[in-house]
Amino acid sequence: MANLRELRSRIKSVNSTKKITKAQELIATSRITKAQQRVEASMPYAEEIHSVIERLASATELDHAMLRERENGRRAAILVVTSDRGMCGGYNYNVFKKAAELRGMLEDKGYEVVLYVSGNKGLSYYRFRGEDIAGAWTGFSQDPGYKETHGMRRHLIDGFVAGSSGTAKWREGLSTAEGEPIQGFDQLHVVYTEFESMLTQNARAHQLLPIEPIIELDHIDTGEDMLASSSNEIEADYDFEPSAEELLDALLPQYVSRGLYAMLLEAAASESASRRTAMKSATDNANELVKDLSRVANQARQAQITQEITEIVGGAGALAESGESD
């Protein structure tokens with residue numbers, strides 16, 4: 001009886017867990033659709049600013065700090081985009097693995113690497129390992145709003161503009177002492193998860209700044225080679241007021257900011273997809289476990305009934321023999 005009660009208790013516990021995982025699966029599914037819609041909604045602006053940058057690039061000499069590798073660059077920043085919550089399978093592990101790979105490559109090239117983190121899981125991961133974190137932002141991994149992520153995007157751009165010899169201004173939401181200046185850097189890389197489909201999400205390392213690619217590595221995407229090729233193919237057919245150089249100086253930060261925001265949206269969709277897959281797997285495993293436990297419980301119950309019948313028959317036989325002897 002004790003064993004049967006234990007089995008019934010486990011079945012009840014697994015069913016309760018299954019309800020939670022099923023609910024998480026449904027929530028994640030609805031969030032994937034929303035995240036995909038947000039990515040699609042941002043495309044018209046992305047395409048338009050891309051077109052404007054191309055035309056500006058064709059009218060300038062592309063001599064801009066965001067487009068060229070700095071001589072004697074010595075510090076590179078990596079933004080690691082993780083989730084705020086768990087229950088999403090190998091989503092964060094794959095990002096950490098890719099970030100470690102990129103970090104090793106940059107250190108081999110002589111760069112001092114500084115880490116920035118988005119998401120509570122990344123913050124906990126690096127703090128547990130005693131890593132120094134230049135800054136962190138949390139609370140929006142599943143729903144990154146343009147306003148909520150403005151401080152992060154602006155700080156990273158400011159850090160690159162300041163360079164390794166300068167400092168960046170403290171921005172709201174940054175996990176450092178308020179007003180404390182932040183050391184600048186010469187390169188900015190982003191490690192995030194790219195959404196390919198409901199079943200496929202891949203961790204990627206992307207060089208965001210400078211825009212022109214300068215690092216060649218087969219398994220790491222190192223930038224957007226759109227300005228160098230477009231400058232030779234598109235002829236300027238506009239008069240710019242103010243000058244093309246001034247406009248390029250004003251629009252490039254916007255272009256980089258939008259690119260970073262697009263990566264955050266991709267990561268949000270990937271997180272929800274990973275969580276949906278993980279929760280579906282957990283729900284299926286719970287169903288299988290309930291079936292196995294129910295089978296064992298039924299066998300235990302049948303054995304108990306058989307034993308009770310045997311005891312009753314044996315007792316009746318004993319009473320009958322007792323009456324005959326009298």
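Predicted model: local features only at pLDDT ≥ 70, side-chain atom pairs only at ≥ 80, totals over all residues.

Trainee: How does anyone find empty space in a protein?

Mentor: Rolling a probe the size of a water molecule over the atoms shows where space is left empty. In this model, the largest pocket holds about 250 Å³ of space. It has 14 lining residues, and the closest to its centre are Tyr192, Arg258, Ala262, Met263 and Glu266.

Trainee: Which element gives the largest share of that lining?

Mentor: That's helix 6, with 5 residues. Helix 1, strand 6 and strand 7 also give two or more residues each. Sorted by class, the pocket lining has 6 nonpolar, 3 polar and 5 charged residues.

Trainee: And how many cavities of 30 Å³ or more are there?

Mentor: The search of the whole structure turns up 1. The largest cavity has a volume of about 40 Å³. Among its lining residues are Val81, Phe140 and Leu264. Helix 6 gives the most here too, with 3 residues. By class, this lining has 6 nonpolar, 3 polar and no charged residues.

Trainee: Okay, now the strands. In which sense do strand 2 and strand 3 pair?

Mentor: A handy idea to start: side chains in a regular strand alternate between the two faces of the sheet. Here, strand 2 (residues 112–118) and strand 3 (residues 133–137) pair in the parallel sense, over 4 bridges. Look for Leu115, which stands opposite Ile133 in strand 3.

Definitions and conventions. Residues numbered from 1 in each chain as written. Heavy atoms only, no water. 1 Å grid on protein atoms, 1.4 Å probe; cavity = no way out; pocket = protein on both sides within 12 Å on 5 of 7 lines; lining within 4 Å. Points joined across faces, edges and corners; volume = space filled by probe spheres on them. Nonpolar A, V, L, I, M, F, W, Y, C, P; charged D, E, K, R; others polar. Pairing = 2+ DSSP bridges.
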